[in-house]
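Thanks for coming, everyone. Please look at the model on the screen, and then we will walk through some of its parts.

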Amino acid sequence: MRLTYLLLLSIFSVAAPATFAAQTYISADSALDITSGEWITDPVLIVENGVIVSMNGDIGNATSEDHIVELQGMRLLPGLFDMHVHITSDPSLQGYNRLRPSELRSVLKGASNARDMLLAGVTTIRNLGAGGHGDVALRDAIEDGDVIGPRIFAAGPSLGVTGGHCDNNLLPKRYEDTAAGVADGPWEVTRKVRENIKYGSDVIKFCATGGVMSKGTKVGVQQYTLEEMQAIVTEAHRRGRTVAAHAHGTEGIKAAIEAGVDSVEHASFIDDEGIALAIKNGTYLSMDIYVTEYILGRGAKLGILEESLAKERTVGAQQRKNFQRAVAAGAKMVLGTDAGIFPHDESPKQLSRMVQFGMTPLMAVQAATINAADLLQQKETLGSLTVGKSADIIAVAGNPLDKIELLEDVKFVMKDGVIYKQKGND
């Protein structure tokens, strides 16, 4: 029994947040200016009440009540953002197995996933779809300190057409099962936006085209009409919410951009006209170019439908080509991984793929920090190591602008001034 207790203690001790009454001084070899890409040498950050109050403090001024964190051999960066997550999803349950967990069970799984993401260095996520507003409940539990995890911007149930990608098409008609976000026509989608906001959604997500992981949808086919998309965006923006559109197909992507969405998710079959339209409108692209390897490499064993595997064989390769074209053209990009299809702590692995397919390491880090904060309309408080912003800080042993893979092994994690992880330079 004592051995079991010690094992559990060793597993969870890293997650126990360290809080301090006064100030925290953090010294390191350097800190990244995320805008310029320059390294600030020998910084001493001072954190007070969850906010960075100085970038060039003097440890000699610390009192006995202050906490000193010395990170020799390490470099500081802003905490990472993942702008496309399914935090309550269990990646081990695919295909028909996704029908197994209740919404309540999914939220409990989400708490475990949230912990994994935070300890991997992801301090902010945008959750794009959860039944029963489970992501809203998890967001509030994290904010109240009941569980640990990233800061969550929650969408609640995704909006979709009857029988489309965001509906549940796995069961026959006798079950009469319809996903919570299904709505058809401009007035119905407007009502659904209002309902999501009523129950706490920070962002509105809708499915503009078919998808890879859904049964019976053609991945490139547009689902919502332009009029319906415009109704969603108009109501969401009127209520101060940003809008994300799941869109693989060419015409659906362009319709979503024309409707005024803030980001297009996946954007697999975007063409030159769509890229130009995204640049003109300032629309962010969130392209999940890591998930292909998981779906095709491990998905069949986990129950992913053969229909979905066949779609991914086509979608994945084309998406990566179009990612390269969008980067070369100068489109605005964020890190969005679709974590939940694969294990959540693998989220930072997409950064190396973004570099592989056209970005510089600095561009990839910016996509996962300051760009994401801009998309969330949180640039004044999040996304960089700047006086006055939230103390979301990570550290790695080495220079990730030389070797982006270092961000897959984060040694130190602070969110809102609270330390959740601190490891030696091993």
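In which hand of crossing, left or right, does α4 pass α5? The crossing is right-handed. A crossing is left-handed if the near helix is turned anticlockwise from the far one by less than a right angle, and right-handed if clockwise.

Some ground rules. This is a predicted model, where local features need a pLDDT of at least 70 and side-chain atom pairs count only at pLDDT 80 or more, while totals for chains, interfaces and linings use all residues. Residues are numbered from 1 along each chain as its sequence is written, and side-chain values use heavy atoms, with hydrogens and water left out.

Now confidence. pLDDT is the predictor's confidence in each residue, from 0 to 100. The protein averages 91, and 92% of the residues score at least 70. Over residues 1–15 the pLDDT is below 50. Where pLDDT is low, the predicted coordinates should not be read in detail.

Back to the helix pair. Helices (H or I, at least four residues) and strands (E, at least two) are DSSP runs, numbered from the N terminus. Helix α4 covers residues 186–198, and helix α5 covers 226–238. They pack at about 30 degrees, with axes 8 Å apart. Axes are lines fitted to C-alpha atoms, for helices over the stretch in contact, and angles run from 0 to 180 degrees between N-to-C directions. That angle makes α4 roughly parallel to α5, because angles under 35 degrees count as roughly parallel.

Who makes the contact (heavy atoms within 4.5 Å)? From α4, the residues include V189 and V193. From α5, they include A231 and I232.

Next, the open sheet. Its 3 strands run in the order β6-β7-β8, with parallel pairing. Two strands pair if DSSP finds at least two bridges between them. The edge strands are β6 (80–85) and β8 (151–154), each pairing on one side only. Strand β7 (residues 122–127) pairs with β8 over 4 bridges.

Helix α2 (residues 103–119) lies across β6 and β7, at about 135 degrees to β7. Helix α3 (residues 134–143) touches β7 and β8, and its direction makes about 155 degrees with that of β8.

Last stop, a hairpin. β3 (residues 44–48) and β4 (residues 51–54) pair in the antiparallel sense over 3 bridges. There are 2 residues between them. N49, in the turn, has a positive phi of about 50 degrees. I46 has S54 in β4 as its bridge partner.

Notes. Contact means heavy atoms within 4.5 Å. Angles under 35 degrees count as roughly parallel, over 145 as roughly antiparallel, 65 to 115 as roughly perpendicular and the rest as oblique.
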